[in-house]
Structures are given as C-alpha cells and as structure tokens.
Amino acid sequence: MNQPITLDGTTAIVTGASRGFGRGIATALSAAGAHVVGVARTRAPLDEVRDELGDTFTPVAADAADPATAARLLDEYRPSTVVLCAGAVPPIGPLQDQTWEMFGRNWNVDVAQAFHWTREALRRPLAPGSSVIAISSGAAINGSPISGGYAGAKATVRLIASYAATESERAGLHIRFVSILPQLTPLTDLGATGVEAYAARQGVDVDTFVQAMGPALTPEQVGKAVLELATAAEPVHHANTLTAAGMSPLV
Ligand SMILES: NC(=O)c1ccc[n+]([C@@H]2O[C@H](COP(=O)([O-])OP(=O)(O)OC[C@H]3O[C@@H](n4cnc5c(N)ncnc54)[C@H](OP(=O)(O)O)[C@@H]3O)[C@@H](O)[C@H]2O)c1
C-alpha cells in the first residue's frame with residue numbers, strides 16, 4: 001500500500017481563500033503543514049486570514065480568472081497543491097430576466113479560472129505527486145434554474161478536471177486532477193445568496209428553507225475533504241459529491 005502524501009513543508013495555492021469555503025480550505029492545508037498562498041481580488045479580508053494563520057499564509061490580491069495570474073503564481077511558488085475555489089456569485093433571476101452578460105458571469109470567472117490554471121498545470125507540468133483540486137457544485141448535477149449559467153459553468157469545471165486527469169494519465173505526469181461538488185449551504189456569502197433566492201421563490205422564509213435543507217455543509221468540512229483528496233495514498237475519484245454527511249465518488 002502507498003504511503004499517504006504529506007503536505008508538511010510543501011506549498012499550496014488556494015484561490016478564493018479570503019472567505020467561505022476557500023478560507024476553510026486554507027486553514028485545513030495550513031494546519032497540515034503547507035505554506036498557503038491565498039488568492040482573492042480584495043486585499044483586506046486576505047490580510048485577516050494572514051492575521052489568523054500567521055506566516056504560513058501569504059496573501060496575493062489578484063484576479064484568479066486572468067491567465068497571467070495562473071502562469072505567474074505557478075512559476076513563482078511551484079505549488080504541490082492547487083485548489084481552485086474562487087467563484088463569482090451567480091446573478092439571480094429566471095432565464096427570461098437574465099441578459100447574456102449575466103448568464104455568462106460564471107463562465108467568465110469559474111470556467112475561465114479552471115481552464116487557465118489546469119492548462120498551465122499540464123503544460124509546465126507541475127511536479128509528479130501534485131494535486132489540482134477544482135471546486136465545482138452539486139448544481140452541476142441538479143441544475144440551478146434561477147442562477148443563470150452557474151450550473152452549466154460548474155458542470156464544465158468538473159469536465160475540465162476530468163479531461164485533465166485523463167491527459168495526466170496519458171502522459172504519465174502523476175498529477176492528480178479532481179473536482180468536488182459541494183451541496184448548497186447558507187454558511188457562505190455565495191451560498192446565502194442562493195438560499196435567500198430559493199426561499200423567496202418557494203414563498204417561505206429563509207429559516208424555514210434552511211431547516212428543510214437539513215444539516216448545513218461547513219467551510220471546515222470542505223477543508224477536510226480537500227485535505228483528504230490532496231493526501232490520499234491511493235488514486236482518488238475524478239469527481240466527488242460533498243454534503244454535511246460526507247464525501248462520495250460521483251458515479
Ligand atoms: N456556498 C455554496 O453553497 C456552494 C455550493 C457549491 C459550490 N460552491 C462553490 O464553492 C466556491 C466557493 O464558494 P463560497 O460559497 O465560499 O463563496 P464566497 O464566500 O462568496 O467566496 C468567494 C471567494 O472567491 C473570491 N473570488 C471571487 N472572484 C474571484 C476572482 N475573479 N479572482 C480571485 N478571487 C475571486 C472572493 O474574494 P474577492 O471577491 O475579494 O475576489 C472570495 O474569496 C465557489 O466556486 C462556489 O461556486 C459554493
């Protein structure tokens with residue numbers, strides 16, 4: 001049996017690290033001994049994460065969807081773990097109230113990010129044993145009819161990770177490409193926007209809607225799931241659903 005991979009003394013890049021799931025992931029990887037480079041566009045909340053995690057966290061204010069960001073940070077930090085967690089808050093409204101610009105928002109951020117970072121990781125390539133973990137969404141399976149192009153964009157994020165896993169295998173790169181599809185949760189800014197919108201659409205208040213959802217997925221649980229995939233001794237599944245009850249391979 002293979003030994004679990006240790007992150008002690010390695011470098012991880014986490015996009016969207018300033019709040020929500022990304023902050024939970026940065027905290028988990030840092031606790032596992034990785035130096036975490038956290039990316040988000042706004043500097044102040046990143047500095048708060050640094051205050052909490054100390055010198056093991058380096059804040060970088062940058063647009064993760066810009067191909068130049070991916071190329072620059074991969075070359076500068078040579079990470080063994082890359083977690084693509086940044087994502088745009090989807091524009092809320094039924095199809096007929098969306099513009100093409102609104103519908104495309106998550107394609108221009110979430111999909112662009114997944115495409116550029118994954119492509120750069122393959123082309124360099126990252127060192128054998130590295131992991132690139134993309135945060136997709138349960139909406140990729142179930143759809144999200146009042147979030148414009150969000151669900152389709154997240155489905156494409158999952159596909160990009162799975163295509164890259166195939167390319168990695170074909171070229172013998174030993175880079176792990178994997179996606180996580182978390183359930184909707186009211187505990188982050190992005191999730192709270194969705195929960196509020198779906199509660200209003202059903203004509204119930206937010207508390208009633210949240211209670212009906214059952215246990216909420218926490219950023220700490222997302223951090224634990226990422227750590228599990230980045231350090232697993234055995235090959236991992238290319239796509240994994242994640243709820244408060246745990247992580248399961250998407251079959
Ligand atoms: N919460 C949920 O219910 C849920 C469910 C399934 C999947 N997800 C996915 O999980 C990921 C994290 O969601 P979350 O709920 O934690 O969201 P969140 O609380 O809104 O945090 C989003 C993070 O991404 C950063 N960000 C956004 N656009 C960026 C860009 N262009 N470049 C760099 N950073 C950017 C934000 O910082 P700045 O705004 O300062 O850049 C922030 O750090 C997203 O990909 C989301 O689609 C969330």
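Helix 5 and helix 7 are roughly parallel to each other, a label given to angles under 35 degrees, with over 145 counting as roughly antiparallel, 65 to 115 as roughly perpendicular and the rest as oblique. Their axes come within 9 Å and cross at roughly 5 degrees. Axes here are lines fitted to C-alpha atoms, for helices over the stretch in contact, and angles run from 0 to 180 degrees between N-to-C directions. Helices (H or I, at least four residues) and strands (E, at least two) are DSSP runs, numbered from the N terminus.

A quick word on what you're looking at: this is a predicted model, where local features need pLDDT of at least 70 and side-chain atom pairs count only at pLDDT 80 or more, while totals for chains, interfaces and linings use all residues. Residues are numbered from 1 along each chain as its sequence is written, and side-chain values use heavy atoms, leaving out hydrogens and water.

| Helix | Residues | Contact residues, including |
|---|---|---|
| Helix 5 | 105-123 | Trp-107, Val-111, Phe-115 and Leu-122 |
| Helix 7 | 150-170 | Tyr-150, Val-157, Ile-160 and Ala-164 |

Phe-177, in strand 6, touches residues such as Thr-118, Leu-122, Ala-164 and Ser-168, leaving aside neighbours within four places in sequence. At 3% relative accessibility, Phe-177 counts as buried, which means under 20% relative accessible area, with exposed being over 50% and partly exposed in between (1.4 Å probe, protein chains only). The C-alpha atoms of Phe-177 and Ala-244 are separated by 23 Å, and the two residues sit 67 apart along the chain.

Now for the nonpolar cores, meaning sets of buried Ala, Val, Leu, Ile, Met, Phe, Trp, Tyr and Cys residues joined through side-chain atoms within 4.5 Å. The largest has 30 residues, and those with the most contacts inside it include Ile-25, Phe-57 and Val-226. Helix 10 (219-231) is one of the elements giving two or more residues to this core, and with five residues helix 10 gives the most. Val-226 touches Ile-25, Leu-29, Val-83, Ile-133, Ile-135 and Ile-180, not counting residues up to four places away in sequence. Apart from that core lies another, of 21 residues, with Phe-177 among them.

Finally, the strands. Strand 3 (residues 57-61) is mostly covered, with four of its five residues buried. Strand 2 and strand 3 run parallel, joined by five bridges, and strands pair if DSSP finds at least two bridges between them. Val-37 stands opposite Thr-58 in strand 3.

Key. Contact means heavy atoms within 4.5 Å.
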